[in-house]
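Colleague: Please give me a close look at one part of this model. I would like to know how its pieces pack together.

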Amino acid sequence: MSAVAPAAGDAIEEYVVELTGTLHGPTQAKTRLIEEIRDGLADTAEALTHEGLAYADAVRHAVRDFGTPGELAPACQRELTIAQARHTARSVVLTAPLLIACWYTLLGTGAAAGHDGPLQRTAHLLAVCLAGAAGGAALLAAATLAATGALARRLPTPHRLPLVVAWAGTTTSVAMALAALTLAVAALMAANWPLIALACSLAAASHALTAPSARACRRVARLPA
């Protein structure tokens, strides 16, 4: 980090503030990216002062070399959009198997009680459909983590992948909400309600984890990058 202390009204800080207001993405990734750019500008300005330029002139040259915030923003936003897609994919990978476990808890409880009425058959059909959707979303999320991680240096990341991940996360969060609602109703009618109530709580917590990330991913995936 530079040893030069920017003065109030410094062009570097004005640049950073403008760029920060333009970008959207995970807070930690955005903070790290902005700090890297701030340090890069400060280090460049410091190097120029060592060549004899006044600090104000050195800052102007550094900002000019980096490009305007508007010119730099698309590349930065692309990086943050990928970071948000990975964040959403991780939440899907973590919660989708839990959804499947919740449904099988409900089905196992009904089978053990010997119930086979219309409500149980409907729950069974819903469980199979949502478990299949959750499984598909989990596979897509795992592939996304691989494509944007270890394979990113060898293969280009598809432009629309973040949007696909966003909707996979949305599907998983909706499935979690349906699971929590169904399990809550089932807990009211079941003899062994504590187990179903626990599964309901886990489904609700998983929905709370996945929904905000999927919503943020949908927003950033539509931004120009």
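Modeller: A crossing is left-handed if the near helix is turned anticlockwise from the far one by less than a right angle, and right-handed if clockwise. The model is predicted, so to speak of local features takes pLDDT of at least 70, side-chain atom pairs count only at pLDDT 80 or more, and totals for chains, interfaces and linings use all residues. Numbering runs from 1 along each chain as its sequence is written, and side-chain values use heavy atoms, without hydrogens or water.

Start with α2 and α3. Helix α2 covers residues 27–50, and helix α3 covers residues 55–66 (helices are DSSP runs of H or I, at least four residues, numbered from the N terminus). Their axes come within 8 Å and cross at roughly 130 degrees (axes are fitted to C-alpha atoms over the stretch in contact, with angles from 0 to 180 degrees between N-to-C directions). The two are therefore oblique (under 35 degrees is roughly parallel, over 145 roughly antiparallel, 65 to 115 roughly perpendicular, the rest oblique). The crossing of α2 and α3 is right-handed.

Now see who touches whom. From α2 come Ile37, Gly40, Leu41, Thr44, Ala45, Leu48 and Thr49. They meet Tyr55, Ala58, Val59, His61, Ala62, Val63 and Phe66 of α3 (contact means heavy atoms within 4.5 Å). This contact of α2 with α3 has 10 nonpolar, 4 polar and no charged residues (Ala, Val, Leu, Ile, Met, Phe, Trp, Tyr, Cys and Pro are nonpolar; Asp, Glu, Lys and Arg are charged; the others, Gly among them, are polar).

Next, bring in α1, residues 11–22. Its axis lies 10 Å from that of α2, at an angle of about 155 degrees. That makes α1 roughly antiparallel to α2. Their crossing is right-handed. On the α1 side are Ile12, Glu13, Tyr15, Val16, Leu19 and Thr20. On the α2 side are Lys30, Ile34, Ile37, Arg38, Leu41, Ala42 and Ala45. The classes here are 9 nonpolar, 1 polar and 3 charged.

Last, pair α1 with α3. The angle is about 30 degrees, and the axes are 9 Å apart. That makes α1 roughly parallel to α3. Ala11, Ile12 and Tyr15 of α1 make the contact with Tyr55, Val59, Val63 and Phe66 of α3. There are 7 nonpolar residues in this contact, no polar ones and no charged ones.
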